[in-house]
Each structure stands twice: as C-alpha cells, then as structure tokens.
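Dear colleague,

Here is the structure for your files. My notes on a pocket and on a helix pair follow below.

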Amino acid sequence: MERWDRVGRRAAYGAALALLPYLLIKMSWVVGSLMGLLPVGNGFGKAEWVVLNTITVGMAAIGIALALALVRPWGMRIPGAPVAFCAWVGSGFLVSILPFGVLGALLDAGGDAQGGGAGSPADPTDPAMPVWEGVLVQFGFVGMGLGLTLAVPAYLRRRWPGAFTGRVGGGPRTALPWAAVVGAAVGLLWLYWAAGGTAGIAHPVERNADWYVLGAVSGFWALAASAAVGMIARARPARLPRLLPLVFGWVGSGSLFAWSGWKLPITLYVAWAEPVGARPPENLAVAVVLHGCAVVAGAAMLRTLVRPRARVAEPPTRGDAAARPGARVPRRRQDASSVLSSKRRR
C-alpha cells in the first residue's frame with residue numbers, strides 16, 4: 001500500500017471519530033428539547049429547533065458514513081456517484097472553512113462562531129450550550145474537515161485514477177462556462193461585503209468579525225472555483241497539471257453549493273416567518289437571489305469538472321478500414337510467386 005493511501009485511510013477513520021461527538025451532542029439537543037430538559041435556541045420555537053437539529057443529526061450521520069466509505073472495502077463496491085456527491089458536499093462544507101477557523105481564532109472572534117448563528121449547522125454560541133460542548137463541536141468540524149482533506153483525494157485516486165492525470169491542455173477547448181461567470185460575480189459581491197461595502201446590506205450593525213471573515217473566505221473559494229473551471233474548459237494554460245485546478249474547482253464549487261444550499265432555505269424561512277432575534281445583515285431578497293445563483297453555479301461547475309475528457313481521434317489505419325463493414329479496401333498487387341502458383345494449379 002502506498003504511503004499516500006495509508007495517510008488517507010487513517011485520515012478517514014480520524015474524521016469519523018472527530019464528528020462522533022457532534023452527532024451525540026445534536027441528538028441530546030433533540031431529545032432534551034422534546035422532553036423539556038433543555039432550552040431551545042434564541043429566535044426559535046420548539047418545533048423549529050427540533051427540526052433544525054434533526055436535520056443536522058442526519059447530516060452528521062451521513063458524514064460519518066461517508067468517512068467510513070472512503071476507507072472500508074464496501075466503499076469501493078457501492079455506486080461511485082453518491083459517494084462522490086457526498087464527498088463533494090462534505091468538502092464544500094468543511095474543507096472550505098478551515099481558513100475561517102484559523103482566522104477566527106487569530107482574530108479572537110469566537111463570539112459568533114461558524115457561519116453566524118442560526119445560519120450554520122451548529123450554533124456554538126447559544127446561551128444553552130456549555131463551553132465544553134462548543135469545544136467538541138468545533139473539534140468535530142475541524143477534525144472532519146482535515147480528515148476529508150486527505151481522505152477524499154486518496155479515495156478518488158483509487159477509484160478513478162485516470163481523472164487526475166495529464167495536463168489542462170490535454171482536453172478539448174470550449175467556451176468559458178456560464179457557471180464560472182456567475183460564480184465569479186457571486187464571489188466578487190461577497191468580497192465587496194467583506195471589504196466593508198454596504199450595497200445590499202439592510203442591517204449594517206448586525207455585521208461582526210466572523211461575518212466579515214466568512215464572507216472573505218467564501219468569496220475566495222467562489223473565485224477560485226470559477227478560475228479553475230475556466231482553465232479546464234478553455235484548456236489554458238496547457239502545461240498546468242490537471243490536478244491543481246481540479247482541487248480548487250472541487251472545493252470551491254462544493255462550497256458554493258453546500259453553504260448556499262444550507263443558507264437558502266433558512267433565509268426563505270426568516271423572510272416568511274420573521275422569527276424574533278433573527279435579523280441577518282444582508283437584504284433578504286438579495287440574499288435569496290445570491291444563494292440561488294451560488295447553488296446553481298456550483299452544481300454546473302461540478303458537471304464541468306467530472307465531464308469525461310474526449311480523446312483525440314487518430315487517423316484510421318488500413319487494418320481499421322478493413323474492419324469497418326462496407327469499407328472499400330484497395331486491391332493488393334499479386335507478387336510473382338502467387339502468379340506462378342496459380343499457373344501451376346491450372
């Protein structure tokens with residue numbers, strides 16, 4: 001077994017173990033809320049709180065199953081499409097925000113944690129959460145993200161080794177995909193907000209350090225995915241190894257799809273129900289359009305990344321022409337020996 005493969009397998013087991021406490025904590029929240037033993041989060045009723053955390057329980061269970069599929073033999077026997085899709089979404093959720101965790105710690109911005117309250121898969125800053133639970137939740141996110149960073153490439157390399165070989169110029173050149181343009185526009189708007197822009201912001205006072213950092217990280221990945229998909233589609237630069245744009249395109253498109261796919265229904269719910277205490281900085285109409293564009297662009301980018309590369313057709317040989325039904329094969333001249341042998345038979 002190669003060294004890289006061994007590292008990937010250990011990382012997959014580590015990712016599953018890291019996310020297990022998060023799963024147990026979320027299950028305790030659901031059970032405790034239903035039994036009246038634990039309070040619900042700010043701005044939520046009991047039903048909304050239970051539904052939200054039940055969804056995150058399912059997401060955590062899928063994440064643990066995914067990590068095991070990346071390392072266990074049965075993960076190579078089940079259909080590859082669902083495994084690749086879950087790995088893509090998981091990488092978009094957790095690998096893309098690893099820089100956010102580092103920058104958030106450096107800025108000492110732990111007050112609003114992952115993704116800004118109710119808009120994230122967990123709200124470690126809720127008053128009902130003890131400090132030790134918040135630490136375990138953050139550990140689960142970081143551990144799963146680091147594990148997927150090593151385990152997903154190792155699995156994909158084992159299952160589809162030919163997808164990562166060659167160079168960018170090895171495939172056919174096509175026009176710049178519309179998804180790259182839309183993703184770039186979304187990323188530029190996020191970076192504009194992260195730089196302090198106010199267009200499309202309804203409540204500027206609700207912005208905090210975590211909101212700025214997460215916006216900058218999301219904008220970076222959106223632009224990185226757009227650039228990577230554009231390179232692969234346009235087959236430029238030709239000497240660039242294909243692996244590099246595939247990595248950035250994979251994580252960036254997954255970030256667009258996963259995070260906006262998570263925030264879009266929550267934004268629609270906030271706009272419809274107007275729960276107390278839920279007032280995001282962005283204008284809700286702008287946020288809905290932005291997240292919708294990000295989801296569609298991310299899915300279209302993935303289609304470009306996994307599209308099979310067309311092989312350059314080679315000129316047909318004489319043997320190939322003879323093999324085709326109905327093909328005319330030029331008559332060969334008979335040599336002297338064949339002529340003499342025919343005369344003798346006569």
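**Second largest pocket**

Four helices each supply at least two residues of the lining of the second largest pocket: H4 (80–95), H6 (131–159), H9 (243–273) and H10. Please keep in mind that this is a predicted model. H4 gives the most to that lining, with seven residues. The space in the second largest pocket comes to about 960 Å³. Its lining has 32 residues, and the closest to the pocket centre are Leu-156, Ala-163, Phe-164, Leu-246 and Trp-250. By class, the lining residues divide into 24 nonpolar, four polar and four charged.

**Helix pair H7 and H10**

The axes of H7 (residues 178–194) and H10 (residues 284–306) come within 9 Å and cross at roughly 140°. H7 is therefore oblique to H10, since angles count as roughly antiparallel when over 145 degrees. The crossing of H7 past H10 is left-handed.

On the H7 side, the contact is made by Trp-178, Ala-179, Ala-180, Val-182, Gly-183, Val-186, Leu-189, Trp-190 and Trp-193. H10 brings Val-286, Leu-290, His-291, Cys-293, Ala-294, Val-296, Ala-297, Ala-300 and Met-301 to the contact. Sorted by class, the residues of this contact are 16 nonpolar and two polar, with no charged residue.

Regards

Key. Residues are numbered from 1 along each chain as its sequence is written. This is a predicted model: local features need pLDDT of at least 70, side-chain atom pairs count only at pLDDT 80 or more; totals for chains, interfaces and linings use all residues. Side-chain values use heavy atoms; hydrogens and water are left out. Axes are lines fitted to C-alpha atoms, for helices over the stretch in contact, and angles run from 0 to 180 degrees between N-to-C directions. Angles under 35 degrees count as roughly parallel, over 145 as roughly antiparallel, 65 to 115 as roughly perpendicular and the rest as oblique. A crossing is left-handed if the near helix is turned anticlockwise from the far one by less than a right angle, and right-handed if clockwise. Contact means heavy atoms within 4.5 Å. Ala, Val, Leu, Ile, Met, Phe, Trp, Tyr, Cys and Pro count as nonpolar, Asp, Glu, Lys and Arg as charged, and the others, Gly among them, as polar. On a 1 Å grid over the protein atoms alone, a cavity is a set of points where a 1.4 Å probe fits but cannot get out, and a pocket is an open set with protein on both sides within 12 Å along at least five of seven lines; lining residues have an atom within 4 Å of a point. Grid points are joined across faces, edges and corners, and a volume is the space filled by probe spheres set on the points.
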